[in-house]
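Trainee: Can we go through this one together? I'd like to learn what the labels rest on.

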Amino acid sequence: MSESTDLFVTTASASTPELRERAAAIAAELQAPLLLRHKEPLPHCFDRMSGTTRAIVVQKNRLLLAHRDGPEFFFHPNLGCLRAANYRRGQNDWLLVAAQLQPGDSVLDCTLGYAGEATLMATQTGESGEVHGIEGIPELGLVVREGLQTVVTENQRVNQAMRSIQVVHLGHHLEYLQQCPTDRYDVVYFDPFFDVAVDQAGNLDDLRFFGDFRPLTAASLSEARRVARRWVIVKTSKWSQQLAHFGITETFGSDWGKVRYGRMACG
């Protein structure tokens, strides 16, 4: 991981030795400067760190990713928890229909984001399976990695699924795929930001602000097909031509839904 020049790490204003120790470890992992905070407001910290636009703030029970202009991001289970509960109640979920996951399967989520769909898939692969995640924005992935291990919901199955997810790479997915053994995973999954906007509730606005907008490429799909034993799955909006562009013809989704899951056979 290259040195970050746009980011610093600090603690909550009411700092403790434990928070400072944790902040130092995160700063070292991200190769970012550590700012010792002396109860001043966060905007003053940004003033002290001229040239930076983002900060990871180590708080007592979570990590916060903050922007100089005000937006903030922290981990929460988002729609993954709701979708897992709905599926358990018998509702259809088109990602799970496309993936056909069984206990013991292995999945690589190349665009982790909130890890909602990784969590959903982990409820199906179970204790004998594995779900690995990649996040293209290292500081975002680190916040999510921490949250997956600490956040507790009322759904024990979801809690177990979150704890089982391993964030295996902080950086672009192609970096990881190129060094990954052939046939390493049963399913490789991509959920890039849509190239055609979908009118949705604002629960993803903070992710859009901090997320990785680099488009999916043919090179990434080629590597993914080598790495996957069974399927490569790509999520798009129903109005996008992206699946057709990549030659993906098998799709899953409801007639009234706004998203489609395209599936490519491997092996």
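Predicted model: local features only at pLDDT ≥ 70, side-chain atom pairs only at ≥ 80, totals over all residues.

Trainee: Which residues of α5 meet α7?

Mentor: Thr-119, Ala-122, Thr-123 and Gln-124 of α5 meet Arg-157, Val-158, Ala-161, Met-162 and Ser-164 of α7. Helices here are DSSP runs (H or I, at least four residues), while strands are E runs of at least two, numbered from the N terminus.

Trainee: Why are α5 and α7 called roughly perpendicular?

Mentor: Their axes, lines fitted to C-alpha atoms over the stretch in contact, cross at roughly 105° and come within 8 Å. Roughly perpendicular covers 65 to 115 degrees, so α5 and α7 get that label.

Trainee: What does Cys-81 touch, leaving out residues up to four places away in sequence?

Mentor: Cys-81, in helix α3 (residues 78–88), touches Thr-153, Asn-155 and Val-158.

Trainee: What makes β3 and β4 a pair?

Mentor: Two strands pair if DSSP finds at least two bridges between them. Strand β3 (residues 63–67) and β4 have 2 bridges, in the antiparallel sense, so they pass. In one of the bridges, Leu-65 is partnered by Phe-73 in β4.

Trainee: And where does helix α6 pack?

Mentor: Helix α6 (residues 138–150) packs on the sheet, touching β1, β2, β3 and β4.

How values were computed: Residues numbered from 1 in each chain as written. Heavy atoms only, no water. Axes fitted to C-alpha atoms, helices over the stretch in contact; angles between N-to-C directions. Parallel < 35°, antiparallel > 145°, perpendicular 65-115°, else oblique. Contact = heavy atoms within 4.5 Å.
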